[in-house]
Amino acid sequence: MKKILSLICLLMGATTLFAQQLPDVSVENLDGKIVSLRSLVNGKPMIISYWSIACKPCIQELNAINDALEDWRKEADFTVVAVSTDDARLKAAAKNMATSRGWEFTCLFDDKQTLRRAMNVTQTPQAFVVDAEGNIVYSHTGYSPGSEEELFDKILELKKKK
Amino acid sequence: MRFLATILLALVAITPAVAQKKVGNGQVSGSFESTSIGYVNDKRLDAAPEDHFGSNNYMKVDYNNGRFSAGIQANAFLPVLQGYEDLADGYKFYLASKYIQWRDKNYEILVGDIFDQYGNGLIYRSFEDRQLGFNNSIEGVRAGYNFGRYVSLKGMYGRPRLYTEYASSWVRGADLVVSLADICGIQDKATLSLEGSYVNRFQKLTLGDDRDKMIFEAAGLDNPNLNMYSGRLNFGIGGFYLHGEYVHKSKDLNLDAVDGMATNGSAIFGEAGYSHGGFSIVATYRQLKNMATRASLYDDGTGNAINYLPALTRQYTYMLANLNPYQVYALGEMGGQVDVCYSLRSKENRYRYWNFHANFSTFYNTFSKRAMWRDINFDVERQWSKKLKTIFLFSRQEWSKSLGYQGLYASNIFVGDVTYKFDRKKSLRVEVQYLYADRHDGAYDYEGDWVAGLVEFSLAPRWSFFVQDMYNIDETKTNYYSGGFSYTYNRTRVQLSYGRNRAGYICSGGVCRYSPAYTGVNLVLTSSF
């Protein structure tokens with residue numbers, strides 16, 4: 001127990017406040033092409049949402065974002081990236097769902113979970129808000145109906161700061 | 001006392017989670033996950049562990065500075081939760097992974113523990129699954145080079161992790177991807193690639209005792225090298241795509257074989273999909289012959305594997321639909337699935353739509369030619385308005401506990417799921433489920449019928465409360481009840497619940513977890529920074 005506490009205290013002491021940057025990791029898109037997450041930074045804020053087929057609240061969150069997207073975009077210009085963490089078992093079903101649902105997102109498929117590990121996503125759903133320069137400015141885990149509004153509030157805050 | 005100590009540890013650990021960190025020109029990020037259970041005795045279940053407590057804790061920290069990155073993960077089992085394999089004394093604190101990596105424009109090199117996959121994972125996949133206590137990362141070196149967009153080549157060499165230790169084997173492999181679409185200049189219209197992989201496992205056959213030597217001799221295994229080859233084709237144009245993979249495996253030990261003889265293995269994988277507008281369909285076929293590949297010939301357990309052979313069936317999120325999932329028969333199975341989705345959205349109102357989904361999967365034992373699994377299912381999701389959503393699901397699952405030799409049991413599962421949003425923050429979700437088991441000659445199939453229900457009230461984005469129950473109304477008359485709440489603050493989430501849990505997925509407050517059977521108090525804490 002002492003060892004663990006010492007390790008954690010050491011980690012805490014060694015750090016200071018900073019905005020985390022997106023990792024430079026490449027994954028597959030809906031067309032089967034390999035794209036870098038950083039290449040999606042295009043001068044607009046971004047919502048990145050991690051999901052999987054077996055995670056019902058993740059799909060609820062993506063549906064809720066997609067439903068509200070038209071209204072939200074009247075107030076702010078931003079993009080949405082949905083990252084599926086489904087492995088070889090469910091990757092095809094995830095692609096199937098992503099194409100049929102008409103999600104107006106950039107869909108990425110992290111079947112090797114390289115991006116998930118790089119962004120330290122332990123549980124899904126987890127959503128990030130990224131500023132126009134690619135810095136992570138907010139993140140939340142879990143989803144309850146209405147949580148998506150918090151993401152949009154952060155996007156509006158970024159717009160005000162501009 | 002230990003329960004309190006764990007809570008204290010968790011609280012200390014989440015303190016840095018409210019901020020991201022900078023060290024020098026780089027940055028530190030990480031995550032913490034803790035699951036602690038206080039077990040209570042329950043006459044309906046197996047006896048609780050002697051010390052009535054288990055706690056699995058994971059701390060991962062990464063440092064990134066430009067193209068350089070490094071990281072460690074420490075695991076602490078205090079002691080390990082019930083159901084985790086290969087921890088005889090239960091207590092363990094160890095370094096579960098570490099790495100140093102340089103990632104340049106066209107090349108990459110990593111020294112440390114490797115998590116990777118070749119193709120569909122049929123010959124190699126190293127990954128971590130904390131709920132299952134699975135980590136088969138390779139401790140060694142990986143290097144990769146990209147020749148523009150045309151050719152990608154990578155290779156690795158190292159020893160596989162076997163639970164908290166390492167196997168006495170060595171694994172090496174290489175993976176090649178040639179993008180013909182880029183070479184031919186048609187990459188904007190289509191994807192076309194030819195791919196190939198090679199994996200070798202080397203393990204001396206003289207490391208064990210006399211019994212091991214006898215097993216190897218009786219099986220006819222005399223070569224310490226196991227070789228696996230994979231060839232793949234990927235093609236996509238417009239809304240259509242096709243993936244194919246063929247695998248050959250040299251002679252490998254398989255103690256599940258009836259005669260115990262070591263034999264060659266093979267696998268065929270094919271997948272074709274098409275999508276247009278709101279419609280999409282994908283069909284998958286897979287055939288396996290002696291494909292279970294251990295990291296070590298001298299050990300057992302689900303964590304003792306270097307490849308990945310998942311069940312290609314629908315993954316459910318409802319309790320009763322997950323009671324009897326299909327288990328892959330790697331010695332000889334053949335089958336596949338078809339998955340169809342269709343969505344219809346109102347042009348006038350984005351908050352009104354239908355989502356239809358149907359799936360069929362079936363798998364056969366290639367020795368007996370008998371069916372081991374069949375599942376035909378569909379679900380209809382209707383978003384009526386901004387406030388109301390309903391889901392109806394039906395699934396008929398035919399499954400076997402005897403690899404198909406003694407026929408199939410059949411379960412018919414009905415689920416109704418209603419979500420009502422009172423306002424911007426408050427919502428209520430109710431699930432009602434019923435499982436009707438087929439009868440033969442008036443007798444119940446397996447355990448007979450089940451009912452289940454869940455009520456979940458959420459106060460977004462922080463609080464969620466739930467109660468649920470699953471009850472066998474025929475054979476065992478056992479209640480699997482639970483109730484609890486979760487609190488979320490940004491990237492930190494705490495869930496406290498109490499109940500009797502059957503093995504399966506538990507979903508509440510936005511997160512799904514796999515849990516073995518137990519009765520007790522469950523505290524889950526996750527955070528990242």
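Reader: Taking helices (H or I, at least four residues) and strands (E, at least two) as DSSP runs that are numbered from the N terminus, where does B:L403 lie?
Author: B:L403 lies in the loop of chain B between β23 (388–399) and β24 (409–421). Please keep in mind that this is a predicted model, in which local features need pLDDT of at least 70 and side-chain atom pairs count only at pLDDT 80 or more, while totals for chains, interfaces and linings use all residues. Residues are numbered from 1 along each chain as its sequence is written, and chains are lettered from A and ligands numbered from 1 in the order in which they are written.

Reader: And what is the phi of B:L403?
Author: Although B:L403 is not a glycine, its phi is positive, at about 55°.

Reader: Why does B:L403 count as partly exposed?
Author: Because B:L403 has 16 other C-beta atoms within 10 Å, it is partly exposed; a residue is buried with 20 or more such atoms around its own, exposed with 12 or fewer, and partly exposed in between, the C-beta atoms being placed from the backbone.

Reader: What about B:K369, is it buried or exposed?
Author: B:K369 counts as exposed, since it has 9 C-beta neighbours inside 10 Å. B:K369 sits in the loop that runs between β21 (353–365) and β22 (371–383) of chain B, and its phi, near 60°, is positive in a residue other than glycine.

Reader: Staying in chain B, how many residues of helix α3 are buried?
Author: Of the ten residues in helix α3 (residues 210–219) of chain B, one is buried, so the helix lies largely in the open. The residue that follows α3(B) is B:G220, with a positive phi near 80°.

Reader: Switching to peptide bonds, which one is cis in chain A?
Author: The bond from A:T124 to A:P125 is cis, with omega near 0°, and A:P125 is found in the loop between α4 (114–118) and β8 (126–130) of chain A. In chain B, a cis peptide bond with omega about 0° joins B:A460 and B:P461, and B:P461 lies in the loop between β28 (450–459) and β29 (463–472).

Reader: What does the secondary structure of chain A come to?
Author: Chain A has five helices and nine strands, and from the N terminus on they run α-β-β-β-β-β-α-β-α-β-α-β-β-α.

Reader: How much of chain A is buried?
Author: Buried residues make up 52% of the 162 residues in chain A. As for contacts, meaning pairs whose C-beta atoms, placed from the backbone, lie within 7 Å, residues 24 or more positions apart account for 70% of those in chain A with a separation of 6 or more.

Methods
Two residues are in contact if their C-beta atoms, placed from the backbone, lie within 7 Å.
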